[in-house]
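Dear colleague,

I am passing on the structure we talked about, followed by some notes on what turned up in it. Please read them beside the sequence.

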Amino acid sequence: LCMLLTLFVPSTNVNAASKRTKALTAYRNFMEKRTSYYDQFALIYYNNDSTPDLFYNNYIDTAVYTYKKGKLVCLYKNSASGVYSSYYPKKRMLIGSYAHMGQSTETYYRSSGACLSKSQGLGIRKSIYNKISGYSYKSISKSTFNKTLKKYVGSKKKKKIKNYRNTAANRNKVLK
């Protein structure tokens with residue numbers, strides 16, 4: 001019986017490894033076609049599975065792709081300036097950081113769009129928290145902000161996105 005069990009365990013790991021390998025190959029092929037000096041990428045765990053997802057950014061367009069059924073599938077796309085600095089692993093939540101005239105804002109983006117923001121800085125006596133619906137911002141309290149964020153991400157902690165310039169050396173290092 002033990003011998004039978006050990007026969008099945010490696011095949012599962014090989015299958016998972018081959019899906020990862022296929023995903024990384026697809027991501028490498030995608031990035032090889034990007035030719036702008038500003039193209040950057042990272043591997044993140046955006047959706048709730050064990051295969052890494054491709055985070056793509058060129059300071060104007062940002063997207064997250066996953067590998068599913070033999071092709072790339074876009075999970076998130078946004079055309080807005082700013083720097084996506086962090087994310088919540090496996091919770092489909094990115095954080096965009098923006099700075100303007102001494103004020104910094106973090107905007108929390110789910111796969112369906114922006115949902116929360118937090119601003120602080122010069123000329124602001126206390127942080128400003130907003131719930132976002134479409135293009136409308138509604139001021140909320142810090143506790144409501146924290147409760148809403150917890151509803152979306154649970155107990156997960158945010159993780160910094162490590163971007164790489166789209167060079168052959170970086171693709172070979174990261175997407176192998």
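The largest pocket holds about 150 Å³ of space, a pocket being an open set of points on a 1 Å grid over the protein atoms alone where a 1.4 Å probe fits, with protein on both sides within 12 Å along at least five of seven lines, and lining residues having an atom within 4 Å of a point. The elements that each give two or more residues to this lining are β1 (40-44) and β11 (159-160), and β1 gives the largest share, three residues. Strands here are DSSP runs of E of at least two residues, and helices are runs of H or I of at least four, numbered from the N terminus. Among the lining residues are Ala42, Leu43, Ile44, Lys159 and Lys160.

This is a predicted model, in which local features need pLDDT of at least 70 and side-chain atom pairs count only at pLDDT 80 or more, while totals for chains, interfaces and linings use all residues. Residues are numbered from 1 along each chain as its sequence is written, and side-chain values use heavy atoms, with hydrogens and water left out.

Asn170 lies in helix α3 (residues 168-174) and is buried, because its relative accessible area is 17%, where buried means under 20%, exposed over 50% and partly exposed in between (1.4 Å probe, protein chains only). Although Asn170 and Gln40 are 130 residues apart in sequence, they are 9.8 Å apart in space, C-alpha to C-alpha.

Val83, in strand β5 (residues 83-88), is partly exposed, with a relative accessible area of 41%.

With best wishes

Notes: Grid points are joined across faces, edges and corners, and a volume is the space filled by probe spheres set on the points.
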